[in-house]
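Please open the model in your viewer and keep the sequence panel beside it. The tour below goes from one selection to the next and says what is to be found at each stop.

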Amino acid sequence: MPYKNLHILVLLREINDSRPPARVTARGAGISDRGLRRVPNPADLIALEEALRLKDSLGATVTALAVGPGRLDDTLRLAFSLGADRGIRFWDHGVEGGDAVADARCLARIVAILAPTLVFTGHRMQDRGDDPVPALAAATAGIPCITAAVSLALKQQGVEALRKSDRGGRQKVEAPFPCTVLFDEGETPRYPSIEAITRSLTAPIEEWDLADLGLPFREVGAIGARLATAEFGLPRPDPVRVVTPDPALPAFERILSLLSGGIKAREGKTHHLGAEETAAKLWEIFREEGLAQ
Amino acid sequence: MMFPNLFSPLKLGTVEVKNRISFQPHLTNLAVGNLPSERQMYYWGERAKGGAGLIITEEMSVHPTDMAYEKLIDVYHPEVIPGFKKITDYVHQFDGKIFAQLNHNGQQGDGSISRLPVWAPSPMPDVLFRETPKEMEHEDIEEVASYFAKCAIHVREGGFDGIELQFGHSSLARQFLSPLTNFRGDEYGGSLENRMRAPLKFISAVRKAVGNDFTLGIRMCADEMIPGGLDLGQVQEICARFEASGLIDFMDLSIATFYNLYLVEGSMHTPLGYTIPLAAGVRERVKIPVFCTGRINDPVMAEKVLANGQADMIGMCRGLICDPFLPKKARDGRMEDIRYCIACNQGCIGRIGMNKTLGCVQNPAVGREKEWGEGTLTKANVRKKVTVVGGGPGGMWAAKMAGRRGHSVTLYDRNEALGGQVRTAMKGTGRDEFGVIIRNEKDQVHKAGVKVNLGAEATAEQVLTEKPDVVIIATGSLPKEHPVGGADGPAVYNVWQVLDGQAELGAKVCLIDYDGHHRASATAEFMANLGKTVHVITSSLFVGAELGPTQDLYLTRQRLLQKGVTFTPDIAVMEVAGESGAKTVKGFNVYSNQWQEWGPFDTIVLAMGQRVDDSLYFSLKGKVAELYRIGDCVAPRKVDMAIWEGHRIGREI
């Protein structure tokens, strides 16, 4: 079998649920943790599903990897319940505050240690779009990286993938093992069974830190970062277009356009009616305005 | 939070303002000896206390040739610094930021106060001040730039958080920018680049003086709204270039010039938020924060403008003169307590234009915050039984203030609703917003624990049987008759009767106007709207003679003309004759003494002014321990005095 000892590493990341409102921290350099809801990135779950399908058909070993604090154990347990064989959570307070380049050094090191045949993860983060870390890690490790993949087939010594190209086109690319694949679309993730969930609760999660990676602290985290976060703010909203006075019009017309373009017309309608008709007219107006049924 | 955008902070240069409400620059006439005064400190401080994130002071004069108004602060004297420090320290106490506005009015002033010629780009007199200015020489331009810089240093030493340079409706800088006032043939006139040279010189001189760590912005005129003047398209280009200079941090906006001053301070006859399209237009071109000012008196509307991205900062001027605590009330969700500005323009612009101190019809405490501001009202030492007769604005204020001080107050009104004459006045065409006065006070009267008796015509006996300690008479006034022969009987009505729908108007109506205020003109328009042919005869030089100071004259005259109303000025009416349906009016021209006759008319309407309704006062005089009368029943005046006297008596008893 050409695919003997196929080992797939799946990177699972978390995103901020975009539905509850987010607040800027007092320091103004990020989003406040309070009230945030975090969920696994949907595209990463698609990548996991692709890996699990290869496991089902070819008997691959699937390792789920999460980078972050203890709360990510939940994501790994989800991966276990779906069928992952191994779960690794890497975290060290030294990697906090890193930029993409610093974070990619860690990921490249993990890939070097585990030496998987394939590295899978999602192409897009649902909350903020692209995440360059997996691609940078592939570059650091010197392995090929297929982005925006929509399907994958295994060949003798590598993979053949269909990926999204310009203007809605599709491109077929080939790459040798080992290789990184970032899925943009794929099969819908499966549901775990109750038994699988119960088993996942006791599944062993390996916790790795910087010492396990053998990386010096000055290469990672805030110290290793090339970017410094100075400030965080929300961009100002795009204006809702209103008709601005046409400069080509004479001043008199421009004034008229401003004075007539107000919030409400300055004059009401006067009706001269008897008591009965007035009552009937009022109801008619109320109905028109949606004030009465 | 009802207003997430309005109460989000905004960075202007190096300064973070806590919310998006800016108390905009406007003259106060409160300076003393051309130096900052204690009254200004309390005036601006009250608005900071009320929650406005930013205060921009009134325009301050940067050069001796600019003395457009007698009571400006002369910033070029270093003596201003101690006064500035007091003001800025006081405002900072309330977590507010305060910027100083620096200005040179150029030709929009005259030399009668300074006894110096006014300076301008070209010898073109201003339409309002009508004095031919001196064409500025190159040294003059350099001198003004250096004075701007000098003043900026005084401002910075005075503890201000930033500077706004007035390049708007009344400014030397605008006169350089506008083809309307700049006819120079040298490098300061002609092309846009040349016209921008002097203003840019002013900006860079100030920037150099204050350094890069100080907030500096300008107030631009978004559209001069006059043929041959700057329009939005040109202003967008100018703003983009100013921004590209990298010297300024924000862009405040104003509109129009002295040719069309009624657009600068739109009265209640202009739509709410009438300048929003201009702010949105400028904001399309620049990235620095843009202000929008112009009849945004309501947090709901302000929030909408911000949410729509049409401006980054809401300028409120009259809204906060009227209710300094509007921001706080909006933040706390106490919308029912907000006292909304009605843009009547009588107390603010109406007084300032006549060189009086700033005021507000609805807020007697303006300029007297030290004595009458928030927190100065004390409980009465003795709880008295107070009867107020008359539920007009004066009576409501007296009852409200007395009630807040712990007195036991009963308010009587003969009508079925509170409001007095306001209820009639608000029926005049376009005057509906005047009725907001009632909305503003009615709830407050009830909240002050006042017992309100409506539909109760209070007689002297009835008042006395309740044995009150204090009686306040606020019974108002009635329309005056015309003293000449024939001006009574059928087919002759007064304006109140017309507005209240009690007059049977024929097709042809003659309005005899001795009033010159909205009473007459809004009634003329009211009748024209009913399809009547209206002719107005007045003894003044023109119809609406009292409407000038409030900036209502232009649009009123425009609307009356559009609706086919005709005018005869200069006439003293001496006789009304004829039967109903064929009434004639006789009078003479007060200048030429020539007699004339007009008619026939179906109906005659009189706007003669008011007479006191004081019968209750005189029947109670000498019979109660403390008897006071306030407002129109003392002498018929306008609503500002009724409220003033109601407020005062409510504090004093």
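B:Arg130 sits in the loop between β6 (119-120) and β7 (134-135) of chain B, where helices (H or I, at least four residues) and strands (E, at least two) are DSSP runs numbered from the N terminus. Although B:Arg130 is not a glycine, its phi is positive, about 55 degrees.

Before moving on, note that this is a predicted model, in which local features need pLDDT of at least 70, side-chain atom pairs count only at pLDDT 80 or more, and totals for chains, interfaces and linings use all residues. Residues are numbered from 1 along each chain as its sequence is written, while chains are lettered from A and ligands numbered from 1 in the order in which they are written. Chain B averages a pLDDT of 95, and 100% of its residues score at least 70, pLDDT being the predictor's confidence in each residue, from 0 to 100. The model scores ipTM 0.75 and pTM 0.79.

**Backbone stops**

Most residues other than glycine have a negative phi, and most peptide bonds are trans. Select B:Ala256 next, a residue other than glycine whose phi is positive, near 70 degrees; B:Ala256 is found in the loop between β10 and α8 (261-264) of chain B, and it is buried, with 26 other C-beta atoms within 10 Å. Then go to B:Gly599 and B:Pro600, which are joined by a cis peptide bond with omega near -5 degrees; B:Pro600 lies in strand β24 (residues 595-601) of chain B. In chain A, the peptide bond between A:Phe177 and A:Pro178 is cis, with omega about -15 degrees, and A:Pro178 is in the loop between β11 (170-176) and β12 (179-183) of chain A.

**Helix α1 of chain B**

Now select residues 38-49 of chain B, the twelve residues of helix α1, which at 1.5 Å a residue should span 16 Å, in agreement with the 16 Å between its end C-alpha atoms; the expected span is 1.5 Å times one less than the number of residues. Eleven of the twelve residues of α1(B) are buried, so this helix is largely enclosed by the rest of the structure. Among the elements of chain B that its buried residues pack against are β4 (54-61), α2 (80-93) and β5 (97-103), where contact means that the C-beta atoms of two residues, placed from the backbone, lie within 7 Å. After the helix comes B:Gly51, whose phi is positive, near 110 degrees.

**The nonpolar cores**

Which residues have the most contacts inside the largest nonpolar core? Select B:Phe148 and B:Ile472, which hold that place in a core of 165 residues; such a core is a set of buried Ala, Val, Leu, Ile, Met, Phe, Trp, Tyr and Cys residues joined through C-beta atoms within 7 Å. Helix α3 (residues 138-157) of chain B gives the largest share of this core, seven residues. Another core lies apart from it and has 56 residues, including A:Val62 and A:Phe90. Returning to B:Phe148, and not counting residues up to four places away in sequence, one finds that it touches B:Val62, B:Leu102, B:Phe202, B:Ala205 and B:Val206.

**Where the chains meet**

Finally, show both chains together: 28 residues of chain B are in contact with 21 residues of chain A. On the side of chain B that touches chain A, the largest share, six residues, comes from α9(B). Helix α9(B) is mostly covered, with eight of its eight residues buried, and what covers them includes α8 (251-260) of chain A together with α7, β10 (250-254), β11 (291-293) and α10 (299-307) of chain B.

How values were computed:
A residue is buried if 20 or more other C-beta atoms lie within 10 Å of its own, exposed if 12 or fewer, and partly exposed in between; C-beta atoms are placed from the backbone.
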